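Please consult the sequence and structure shown below while reading.

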Number of protein chains: 2
Amino acid sequence: MIEFKILKKSKKSEARLGVLRTSHGLIKTPCFVPVATQACVKTLDSQEILETKSQILIANTFHLFFKPGDNLAKNLHKFMNWSKPLMTDSGGFQVFSLGFGKDFNFGKVNSERTDIIQKSYQPKSIKITNQGVWFSSPLDGKKFFMGPEESIKIQERLGADIIFAFDECTPPRASKEYIQESLIKTHNWARTCLKVKKSNQALFGIIQGSKYKDLRKQSAIFINSLDFDGFGIGGDLGEKKSITKNILKNTIPYLDFKKPRHLLGIGKLDDIENIIKGGIDFFDCTVPTHFARNGIAFIYSGYLDLRKRKFLKDKNPLDEKCSCFVCQNYKRNYISHLIRAKEITGLKLLSFHNLYLFNSFVEKTREKIKKGLI
Amino acid sequence: MIEFKILKKSKKSEARLGVLRTSHGLIKTPCFVPVATQACVKTLDSQEILETKSQILIANTFHLFFKPGDNLAKNLHKFMNWSKPLMTDSGGFQVFSLGFGKDFNFGKVNSERTDIIQKSYQPKSIKITNQGVWFSSPLDGKKFFMGPEESIKIQERLGADIIFAFDECTPPRASKEYIQESLIKTHNWARTCLKVKKSNQALFGIIQGSKYKDLRKQSAIFINSLDFDGFGIGGDLGEKKSITKNILKNTIPYLDFKKPRHLLGIGKLDDIENIIKGGIDFFDCTVPTHFARNGIAFIYSGYLDLRKRKFLKDKNPLDEKCSCFVCQNYKRNYISHLIRAKEITGLKLLSFHNLYLFNSFVEKTREKIKKGLI
């Protein structure tokens, strides 16, 4: 059960300030949601995650189903020692990634394939039916089936505060005809998810429709007509900022104003203010932790590549405007040394800093909404 | 500058209870010294290391000389954000490892080579002279020379509280004649180290002599005759418990009782009480962190291999007698999941626990000396 209260709606944009109440505590929105794919925000322990000002995490249904298995990770809060709110995604993205893997470009323009995916196309490595998807386990090749019912059952076992409907996540090069067919499945599955759910977890319905204005509208109107507790906006969103902006413009107006809205899998630092102005309350993204593990520190004016030799002589904190534990205690020269010397501690310090900076950035954005600046 | 005060000498063994005063704080002895090879205890940040009850760390002269370079890591305390006492080793072990690498068996009986290293033997990859060692950089193959003077200069730049003399670390299969020749160099270098040192860092002389009773005695008497602030006992010690015991028996009686004694690179959990009873005040070892990164948790009754599937169902803490942060917050099932799922966080949790357990074990051993039990 969740309760969402909107404290203020911006006059300048679709941005709003809110509070989401869950049985694991309150969340101030807009809110960044760090990704804990395997019940763990990579490199950090749960105490550290709290100290990064994180309010809620999103774990991965698909990954936990295989490792350690949803029965073994049952009651996820307790399993991972996280007493604050949790989300789980539906596993849809990962299952469809097994079929369309190379098509999901994760924010980069995909130069490999440009041919259009036609209506009724079936990828080779998975089998999409009206009921769900047959796929092979990435661990041992064993056949599995996942559809709306399976996804909800797993998510009920994991017991997150907020769960997501099972949807087809379509690749950017899918034709309009393919997306139209896909939406029929996604919408049917949304209904099934609502029907089979027995827990009192909050269930968010997912809006798809790719980059097509009319299909996004159609999907938003349909999902909004069902009894969901909130909305997820899905699709391969990171490709171009203009696409994301248009998707929000063609979706947000058709959604119940009172319900929370989550943008799935997006949020570079320079995306954040735009998506919040587009009307988003929650967004999850691996960018801060993924980039940290590649030696990148985000700072308010951009980023630093700590793999570079020049930082070995730089005795400044990562960002002097940042008040995180890392910036209070360590300098760029030491962190650069750790990264260059392949010390795990370096990855941890950067992950901590990046999450803290993202959360602080969103905190500042909440302040801006409060003050009527955006 | 250090001041060492012995608070109690055991009547049952050579064990003693002491306090070492340094300009970075007091250390209770006997004391375990975690290894911070590259100015970092692997997987942990300096705040966490403090929380493992660690009192002093040992960093590696050889590694820091190459990465990031001793000039860039100058003033190591500040560089690595560690305000407690620090040691640096001399780099001797690493330099000689480049020549005798496969001969140093790190606690395992070496089955590969059994032929004896004869007098005046020169390994192929390094050139040992009376002044020091020529070797190739492991980074780019460039030729370098390290001897007592170079080692002390680097260690002065790093600025640890306690530094070690440059010695030849001989492999276990060296003949007695080889060791005899080697001791001449090690003893000459000891004198040079004392002569060239300009800082007020405490300098420990190193006693070698392999497994030969008379050579250990000879080395102990010689090193004891010089003006060192303390002693390091070196050599490939971990091979057999009986060898270590005999080495201590043939060394300790010839050392100034009032000076601290450090056993270099040894300390499995079941070694600790014996070496303390043998008269050791300090010992460093990578075992707790190295084993942690292989999924092993030490517990008071032995160890757990968290890679094993059975632990996924085990909801006990690693050790219910352990009061560390990890045992208070996480269960075996979750840590096992993290290790099996290759999550860095798992390695960190195990490293933290293992260090805390080792430090607690030594703390309990200090209590035993206090109570006259050992």
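## Terms and basis

Two strands are taken to pair if DSSP finds at least two bridges between them. Helices (H or I, at least four residues) and strands (E, at least two) are DSSP runs, numbered from the N terminus. This is a predicted model, in which local features need pLDDT of at least 70 and side-chain atom pairs count only at pLDDT 80 or more, while totals for chains, interfaces and linings use all residues. Residues are numbered from 1 along each chain as its sequence is written, and chains are lettered from A and ligands numbered from 1 in the order in which they are written.

## The barrel of chain B

In chain B, eight strands with parallel pairing make a closed barrel that runs S4-S5-S6-S10-S11-S12-S13-S14. Neighbouring strands of this sheet are turned by 30° against each other on average, direction ignored; axes are lines fitted to C-alpha atoms, for helices over the stretch in contact, and angles run from 0 to 180 degrees between N-to-C directions. Ile233(B) has Leu263(B) as its bridge partner in S13(B).

Strand S4 (residues 31-36) and strand S14 (residues 282-285) of chain A run parallel and share four bridges, and Pro34(A) has Cys285(A) as its partner in S14(A). Contact requires that the C-beta atoms of two residues, placed from the backbone, lie within 7 Å.

Strand S11 (residues 202-207) of chain A pairs with S12(A) in the parallel sense over four bridges, with Ile206(A) opposite Gly232(A). Strand S12(A) is covered on both faces: Gly230(A) and Gly232(A) are buried on one side, Phe231(A) and Ile233(A) on the other. A residue is buried if 20 or more other C-beta atoms lie within 10 Å of its own, exposed if 12 or fewer, and partly exposed in between. Strand S1 (residues 3-9) and strand S2 (residues 16-22) of chain A pair in the antiparallel sense over six bridges and form a hairpin with six residues between them. In this pair, Glu3(A) is the bridge partner of Arg21(A).

## Contact between the chains

Between the two chains, 29 residues of chain A are in contact with 29 residues of chain B. Helix H12 (332-340) and helix H13 (344-370) of chain A each supply at least two residues of the chain A side. That side has 15 nonpolar, seven polar and seven charged residues; Ala, Val, Leu, Ile, Met, Phe, Trp, Tyr, Cys and Pro count as nonpolar, Asp, Glu, Lys and Arg as charged, and the others, Gly among them, as polar.

## A loop residue of chain B

Ile116(B) lies in the loop between helix H4 (92-100) and strand S7 (127-128) of chain B. The residue is partly exposed because 13 other C-beta atoms lie within 10 Å. Leaving aside neighbours within four places in sequence, Ile116(B) is in contact with Arg173(B) and Ser175(B).
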